[in-house]
Amino acid sequence: MASVVVKDLYKSYGDTEVLHGVNIDIENGEFVTLVGPSGCGKSTLLRMVAGLEDVTGGEIRIGDKVVNLDPPKDRDIAMVFQNYALYPHMSVERNMGFALRLSGVAKDEIAKRVGRTAEILKLESLLKRLPRQLSGGQRQRVAMGRAIVRDPKVFLFDEPLSNLDAKLRVRMRAEIKELHQRLSSTTIYVTHDQIEAMTMADKIVVMQSGNIEQIGSPVELYDRPNNIFVAGFIGSPAMNFLGGRCEGSTFVTGGGGTIQLGRAIAAPADREMVLGVRPEDLTLAADGADEGVLFPSEARVVEPTGAEEHVVGSFEGEEIVAVLRGRHGLKSGQAVRFTAEPAKLHVFDAASGKRMG
């Protein structure tokens, strides 16, 4: 395995620049997820690491070697694509061993590697089947197996689960994570699904419009997002936002309500600010409570999910969503009051989007 360093990386198509000086350090054996909305540049970045896209400027280093000009076959990487890319006329066994045969590896060694990989991925009983005889999850495991048998320095995954149904995606997430833990392989994984990023990665790179917004562990990004974009992108349902301004440790909403933050925010009193609170950090206020952080609302929509209730309401004209543990029997139109711990509140500058506290 090897580390991967992306330094001041630029990519342009003619006059259109799509990556703007990206910097990422990926340690040996680390699982890193590139996440962001469609068009943010995450797949382009992955393809540049793979050698499928030329570098306009900057440097890509795999291990101790700069690979900017190396063709894909010389980078010692293996890539798993969204559409599996299996040869339909070849059996599972031949698909998995195809790259090794092209490299001139001895037949005995190919059989050994394919057998070992099939055991890891629970494909032993499927080795003689053709791709059309497999389910979507089985095809994805074959595509992963084809990468594993090569024993590359770096694994690259380009939205590999996007063609699977919801239940199978959850199972495959667990299988990929377990596989990484077993192989301790350096892995770069591209997805637009922030749930995949949160559940699988050691480190997440959040991208927007060809720039990196924040790099950190899933918990770091969830607990202390650098800006409004990261705060709204990480977490499902998305974070609630309310406009207003800060007067020391008090947030004054646009409607004149006051919310105690529990800490002072260094910002001019006339500066527009944004208060953020995650839906799962909201709870129902106790009957008669008139102090603390309160969001009086009306339950416009109540969505029971079994263990939780998702409640959509409004506060001073802004939609507010709460995820309540347990079953509260709330009805649409019912008056409710939400509360949150001051430490769970996030404050951002409205103009720059940057975190203030």
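Biologist: Hi! What is the relative accessible area of R47?

Modeller: R47 comes out at 29%, which makes it partly exposed. By the cut-offs used, buried is under 20% relative accessible area, exposed is over 50%, and partly exposed is in between, with a 1.4 Å probe and protein chains only.

Biologist: Before I go on, what kind of model is this?

Modeller: It is a predicted model, where local features need pLDDT of at least 70 and side-chain atom pairs count only at pLDDT 80 or more, while totals for chains, interfaces and linings use all residues. Residues are numbered from 1 along each chain as its sequence is written, and side-chain values use heavy atoms, leaving out hydrogens and water.

Biologist: Good to know. Which residue does R47 form a salt bridge with?

Modeller: Its partner is E53, with the closest N and O atoms 3.4 Å apart. A salt bridge here is a side-chain nitrogen of Lys or Arg within 4 Å of a carboxyl oxygen of Asp or Glu. E53 counts as buried, at 18% relative accessibility. K11 belongs to the picture too: K11, R47 and E53 are linked in a network of salt bridges.

Biologist: How many salt bridges does the structure hold?

Modeller: There are 16. One of them joins D70 and K65, at 2.9 Å from N to O. D70 is buried at 16%, whereas K65 is partly exposed at 45%.

Biologist: And what about E109 and R113?

Modeller: Those side chains meet in a salt bridge too, 3.1 Å from N to O. They sit 4 residues apart in helix α3 (residues 107-121), so about one helical turn separates them. In general, an α-helix has 3.6 residues a turn, so residues three or four places apart point the same way. E109 is partly exposed at 30%, and R113 is buried at 18%.

Biologist: Switching to strands: in what order do they run in the open sheet?

Modeller: The order is β2-β1-β4-β5, four strands with antiparallel pairing. The edges are β2 (16-26) and β5 (65-66), each pairing on one side only. Strands are DSSP E runs of at least two residues and helices are H or I runs of at least four, numbered from the N terminus; two strands pair if DSSP finds at least two bridges between them.

Biologist: How many bridges join β1 and β4?

Modeller: β1 (residues 4-13) and β4 (residues 57-62) pair over 5 bridges. V6 has I60 as its bridge partner in β4.

Biologist: Which strands does helix α1 lie across?

Modeller: α1 (residues 42-50) lies across β1, β2 and β4, at about 115 degrees to β1. Axes are lines fitted to C-alpha atoms, for helices over the stretch in contact, with angles from 0 to 180 degrees between N-to-C directions.

Biologist: Now α4: how many of its residues are buried?

Modeller: 11 of its 13, so it's mostly covered. M144, R141 and Q138 are among them. The cover includes β6 (77-80), α2 (92-102), α3, β7 (154-158) and α5 (166-183).

Biologist: What does M144 touch?

Modeller: Not counting residues up to four places away in sequence, M144 touches V80, L121, F157, M172, I176 and L179. Contact means heavy atoms within 4.5 Å. In the largest nonpolar core, of 42 residues, M96 and M144 touch the most other members. Such a core is a set of buried Ala, Val, Leu, Ile, Met, Phe, Trp, Tyr and Cys residues joined through side-chain atoms within 4.5 Å. Apart from it lies another core, of 27 residues, including C40, M48, V67 and V190.
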